[in-house]
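I opened my notebook for a slow walk through this model. Here is what I looked up, in the order I went.

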Amino acid sequence: MNISFVLGAGFSFNAGIPIVSGISERFTQERIHENILHFPSEESAWSEFAIPADVKNGSISHDKDVLGFILQELVSTFLEENIDDNGVLNYEDFYFWSRNYLVNNINWITVVESASENYYKEYKSKLKRFDTITPKHVFSCILHLIRDLLEIRREIHSLRSDYSYFIKVISDNSNEINIFTLNHDLLLEILMENSSLNYSNGFSTSKSTLIDDDKSSLAIFDNTFDERIKIYKLHGAINQFKYEYIESSNSYKGYDYFITNDYQAKHWARDTDDQGNAIQQFNPNIDPSFITGNNKVELITTDKMYSELYKKFSDTLPKSDKLVIIGYSYNDEHINSVIEGSIKTISQIINVNPFQAFPFSHENITNINPLNDNLSI
């Protein structure tokens, strides 16, 4: 049987990944600068999850306080302009709004600095560092703080127990599995690898010229999906990075996406020539490459990886015998349009969601409330 999954944020909730309200609480807390860390590498993190050494190192930089002040003022302004949201900060809306706000308001730093000086007079000596912060620093800080919230921190044995219903279906060798996920976390990869299940995700080393410190090839996106279980990260992941070729001898290649969980490789991935000689010795952008905000369609259509993934989604979904949707709230119109256009050729649809019934008409729909119903798919 050909089974396709569409996974939303609700799928990862049992793994401890916060939904919108949980992320909102993080960014709307008072004196946020006291709870974030900022490192010389320009990465940011939440102090709550960090080991003592990282708490110490991430607290040294004065930029952490300035970034915290900026974030708090941006959140405050965003909520004032979106008062109908009752104080709930949708992080995707906030990120998109912040990009527009900082790009379109040339005096943003003066406004934020003035407000922060009034609120945090005890930090006045540090406020001179505002002139070192650019919009890119702010965008990067937001992305890294989101990334940190999406890390899986639960023990694998409890994850396997909570997701046994899912593992059982995808482990059946008689099933061809296509998993289209909107989530950026690595829950799927953890479940697969700890269940000894092979999967393909579009990345391979066959065409890669990127290597890590050990001279091992790094997997780049080349649209390779050759396993029975296929995972499509339609909106990217926290372990994906965009490698821009910037040297005169390799700039013609434009860019590639590579995946790594290694700190060194993320920073110092090297591009090599046919003889293995290094052409470029670092990664210019260490921000995780996942799509967030209200302009996903624009980003998808103009990007070579995301456009290929979306095409796979559009081409593959109509060929499914069964469609299982878990934890998706139907808020992405570009996803909804593919689902609605595909269901006429799909025999069975199972919608697992405690709050949202399947919104389209079909003759064979099962709506499951995971809070009350047995999770049998």
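**Entry 1: a buried pair.** Before anything else, I wrote down my cut-off: a residue counts as buried when its relative accessible area is under 20%. With that in hand, I looked at glutamate 92 and lysine 296, and both are buried. I also reminded myself that this is a predicted model.

The two side chains form a salt bridge, with the closest N and O atoms 2.9 Å apart. I then checked where the partners sit: glutamate 92 belongs to helix α4 and lysine 296 to helix α11, so this pair links distant parts of the chain, 204 residues apart.

Entry 2: How many salt bridges does a search of the whole structure find? My search returned 16.

I picked aspartate 213 and arginine 270 next, whose closest N and O atoms are 3.2 Å apart in a salt bridge. Aspartate 213 is in the loop between β6 and β7, while arginine 270 is in strand β11 (residues 270-272), so the pair ties together parts that are 57 residues apart in sequence.

Arginine 31 and glutamate 34 meet through their side chains in a salt bridge of 2.7 Å, N to O. Arginine 31 is partly exposed, at a relative accessible area of 28%, and glutamate 34 is partly exposed too, at 41%.

**Entry 3: the largest pocket.** I turned to empty space. Rolling a probe the size of a water molecule over the atoms shows where such space is left.

The largest pocket has a volume of about 1,200 Å³. I counted 47 residues in its lining, and Gly8, Ala9, Gly10, Gly327 and Ser329 lie nearest its centre. The elements that give two or more residues to this lining are α1 (20-27), α4 (91-104), α11 (296-301) and α13 (333-342).

Which element gives the most to the lining? I found that α4 does, with three residues. Sorted by class, the pocket lining has 23 nonpolar, 17 polar and seven charged residues.

**Entry 4: a cavity.** I searched the whole structure for cavities of 30 Å³ or more and found one. The largest cavity has a volume of about 40 Å³. Its lining is made up of Phe11, Ser12, Thr181, Asn183, Asp185, Leu187, Leu188 and Lys233. By class, I noted three nonpolar, three polar and two charged residues in the cavity lining.

**Entry 5: backbone angles.** Most residues other than glycine have a negative phi.

Glutamate 42 has a positive phi of about 75 degrees, although it is not a glycine. I placed glutamate 42 in the loop between β2 (36-38) and β3 (44-46). Its relative accessibility is 33%, so glutamate 42 counts as partly exposed.

Lysine 215 has a positive phi of about 65 degrees, and it is not a glycine either. Lysine 215 is in the loop between β6 (210-211) and β7 (220-224). Is lysine 215 buried or exposed? Lysine 215 counts as exposed, because its relative accessibility is 65%.

**Entry 6: a nonpolar patch.** On the surface I found a nonpolar patch formed by Ile246, Tyr263, Trp268 and Phe282, with about 390 Å² of accessible area together. I looked up one member more closely. Isoleucine 246 is in the loop between β9 (240-244) and β10 (255-259). With a relative accessible area of 45%, isoleucine 246 is partly exposed.

Entry 7: Leucine 102 is buried, with a relative accessible area of 3%. How far apart are leucine 102 and isoleucine 238 in sequence and in space? I noted 136 residues in sequence and 24 Å in space, C-alpha to C-alpha.

Key:
Residues are numbered from 1 along each chain as its sequence is written. This is a predicted model: local features need pLDDT of at least 70, side-chain atom pairs count only at pLDDT 80 or more; totals for chains, interfaces and linings use all residues. Side-chain values use heavy atoms; hydrogens and water are left out. Patches are made of residues with over 30% relative accessible area and no salt bridge: like charges are joined within 9 Å, nonpolar side chains (Val, Leu, Ile, Met, Phe, Trp, Tyr) within 5 Å. Accessible areas come from the Shrake-Rupley method with a 1.4 Å probe; for residues, only the protein chains shown count as cover. A salt bridge is a side-chain nitrogen of Lys or Arg within 4 Å of a carboxyl oxygen of Asp or Glu. Helices (H or I, at least four residues) and strands (E, at least two) are DSSP runs, numbered from the N terminus. Buried means under 20% relative accessible area, exposed over 50%, partly exposed in between (1.4 Å probe, protein chains only). On a 1 Å grid over the protein atoms alone, a cavity is a set of points where a 1.4 Å probe fits but cannot get out, and a pocket is an open set with protein on both sides within 12 Å along at least five of seven lines; lining residues have an atom within 4 Å of a point. Grid points are joined across faces, edges and corners, and a volume is the space filled by probe spheres set on the points. Ala, Val, Leu, Ile, Met, Phe, Trp, Tyr, Cys and Pro count as nonpolar, Asp, Glu, Lys and Arg as charged, and the others, Gly among them, as polar.
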